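Me: Walk me through one part of this model, please, starting with the pairing of strands in a sheet. Then carry on to whatever else is worth a look.

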Amino acid sequence: MEAQKDRLKDLISHAKEYGFVFPSSEIYDGLAATYDYGQLGAELKNNIKTYWWKAMVQLHENIVGLDSAIFMHPTTWKASGHVDAFNDPLIDNKDSKKRYRADVLLEDHIEKIRQKIEKEVEKGLKRFGDAFDAAQFRATNPNVLRNQEKIEQIEERMKSALEQNDLEGVRQLIIDLEIVCPISGSKNWTEVRQFNLMFSTELGSVAGDASTIYLRPETAQGIFVNFLNVQKSGRMKIPFGIAQIGKAFRNEIVARQFIFRMREFEQMEMQFFVRPGEEMKWYDYWKTLRTKWHQNLGLGNERYRFHDHLKLAHYANAACDIEYNFPMGFKELEGIHSRTDFDLKQHEQFSGKKLQFFDPEMNQSYVPYVVETSVGLDRMFLAVLSAAYQEETLEDGSERVVLKIPAVLAPYKAAILPLIKKDGLPEKAREIMAQLQLEYSVQYDEKDSIGKRYRRQDAIGTPFSITVDHQTLEDNTVTIRDRDTMTQERIAISALEHVISDKASWKRVLSDLIS
Ligand code: GAP
């Protein structure tokens with residue numbers, strides 16, 4: 001746990017030092033749980049967005065994009081259920097005066113029991129070596145089974161209490177499990193209360209309820225209210241999807257863990273409209289496809305796992321998370337939800353407008369069912385950064401920090417480095433840069449020794465460093481250094497584009513995705 005915390009700390013300071021993420025309005029001591037993306041962070045974020053958009057919209061002829069407004073008619077949120085039901089159950093510790101999400105306290109407790117199980121399995125592996133059968137061990141070891149049963153019992157009680165909005169039941173579970181406040185160490189808890197997560201503000205100059213509007217807590221509702229606009233204007237046939245990337249806002253009480261849980265964040269959401277009764281087929285389809293999208297980045301397949309929701313949101317008949325092993329453990333990265341026809345039906349009812357599709361094959365109109373995929377852009381950013389960040393000791397005993405960011409997402413694809421600042425090398429380097437920057441973002445750097453410059457590029461995740469030396473002037477060749485292996489190769493300038501594109505082009509990554 002300590003090591004994980006340190007890793008997150010290292011990541012936060014590295015992200016700040018190299019211009020990826022800054023605390024927001026830092027000169028005024030920052031604003032809690034709000035962050036700004038710096039010059040390199042903005043590039044990485046844009047590249048993640050592009051990867052998602054291309055995979056979702058460009059590769060699917062039946063998915064189109066949308067960019068809807070953050071402000072929406074307030075009735076939208078009444079219809080969607082957010083005004084009445086978008087709540088978190090909160091509990092305060094009377095000694096530390098700290099406020100927690102009751103369900104998060106319980107989930108953290110469950111995670112601790114899970115870690116005990118994993119430790120037991122690790123011990124087994126050490127004891128039995130290659131002959132160790134982990135699956136059988138999990139199915140038979142008494143300690144593992146006892147802890148597994150504990151988890152199931154807690155989950156069952158938690159699910160039932162949350163579903164029935166039994167807040168006293170949630171509190172009792174916290175008391176029974178003897179959960180203590182991480183700060184005061186005491187079990188002196190208040191009752192559990194519901195707290196609405198939407199930010200509200202006022203439209204125009206009139207005060208009062210009539211003019212209260214909300215900052216959207218999810219981008220999905222902008223898609224639902226435009227369902228017919230897009231379907232009609234785009235002549236879309238079911239099944240089809242609408243994709244959107246945009247800001248969302250939630251007044252998170254327990255905002256923590258860097259950019260993992262923020263009050264202002266970005267979502268990449270896609271609503272897939274299907275025939276009623278076919279939603280489970282599409283739910284499975286999107287689970288598979290979204291997993292592939294993540295794994296295609298090569299961050300390590302063992303870093304992902306599914307978590308089926310115990311407490312379904314008010315709109316869902318099935319839901320799961322793709323969880324990622326962040327520095328603070330496995331946590332939700334993406335949600336996949338079968339939202340039934342809840343949202344469209346609610347908007348029909350509240351607006352008095354029909355939101356139906358005439359299916360020519362069935363010769364019938366219906367309100368489509370919806371399967372949603374929703375991934376947090378900032379959490380994707382953290383996932384990429386945390387997998388990429390590595391501290392290495394090299395053969396000569398020196399150390400380097402390297403960001404092994406997937407090449408296609410790296411802020412700069414290459415650095416162009418003249419060996420020295422004279423003899424025409426800078427001019428030649430700029431010539432190469434002018435050629436490469438038509439296709440890729442590249443950086444020119446002539447300051448400090450070549451070794452220092454390599455380290456700087458390693459630290460910001462640039463996959464290729466191209467060095468221009470005196471031989472370049474004679475035969476138009478350069479050395480190209482690979483960030484991960486640190487091997488150097490001499491190649492012709494004319495081959496550079498090919499070498500870079502083989503690792504860093506969208507074509508390469510997208511063709512891997514569909515293969
Ligand atoms: N439209 C469905 C929806 O909003 P959600 O599970 O509440 O579902 C989807 O959110 C995703 O948005 C999450 O999986 C997470 O990646 C991201 N997300 C949610 N709250 C967040 C927060 N406070 N900070 C950063 N990302 C957040």
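Reply: Start at A414, which sits opposite V442 in strand 20. This is a predicted model, so local features need pLDDT of at least 70 and side-chain atom pairs count only at pLDDT 80 or more, while totals for chains, interfaces and linings use all residues. Residues are numbered from 1 along each chain as its sequence is written, and side-chain values use heavy atoms, with hydrogens and water left out.

That facing pair belongs to strand 19 (residues 414–418) and strand 20, which pair in the parallel sense over 3 bridges. Strands here are DSSP runs (E, at least two residues), helices are H or I runs of at least four, and both are numbered from the N terminus; two strands pair if DSSP finds at least two bridges between them. In general, strands of a sheet pair through backbone hydrogen bonds, either parallel or antiparallel.

Zoom out and you get an open sheet of 5 strands with mixed pairing, in the order 20-19-21-22-23. Strand 20 (442–444) and strand 23 (488–492) are the edges, each pairing on one side only. From one strand to the next, the twist averages 25 degrees. Across strands 19, 20, 21 (464–468), 22 (477–482) and 23 lies helix 15 (residues 450–460), running at about 170 degrees to strand 19. Contact means heavy atoms within 4.5 Å; axes are lines fitted to C-alpha atoms (for helices, over the stretch in contact), and angles run from 0 to 180 degrees between N-to-C directions.

Now for the ligand. Of the 21 residues around the ligand, E218, M262, E269, E332 and L333 come nearest, where near means a heavy atom within 4 Å. By type, the shell splits into 6 nonpolar, 5 polar and 10 charged residues. Nonpolar covers Ala, Val, Leu, Ile, Met, Phe, Trp, Tyr, Cys and Pro, charged covers Asp, Glu, Lys and Arg, and polar covers the others, Gly among them. A backbone N or O atom of M262 lies 2.7 Å from a nitrogen atom of the ligand, and a polar side-chain atom of E252 lies 2.9 Å from a ligand nitrogen. Alone, the ligand exposes 550 Å², and the protein buries 94% of that (Shrake-Rupley, 1.4 Å probe). Strand 10 (264–274), strand 13 (329–340) and strand 16 (369–376) are the elements giving two or more residues to the shell; strand 13 gives the most, with 6 residues.

Note on methods
Polar contact = N/O pair within 3.5 Å; in protein donor to acceptor, adjacent residues only side chain to side chain.
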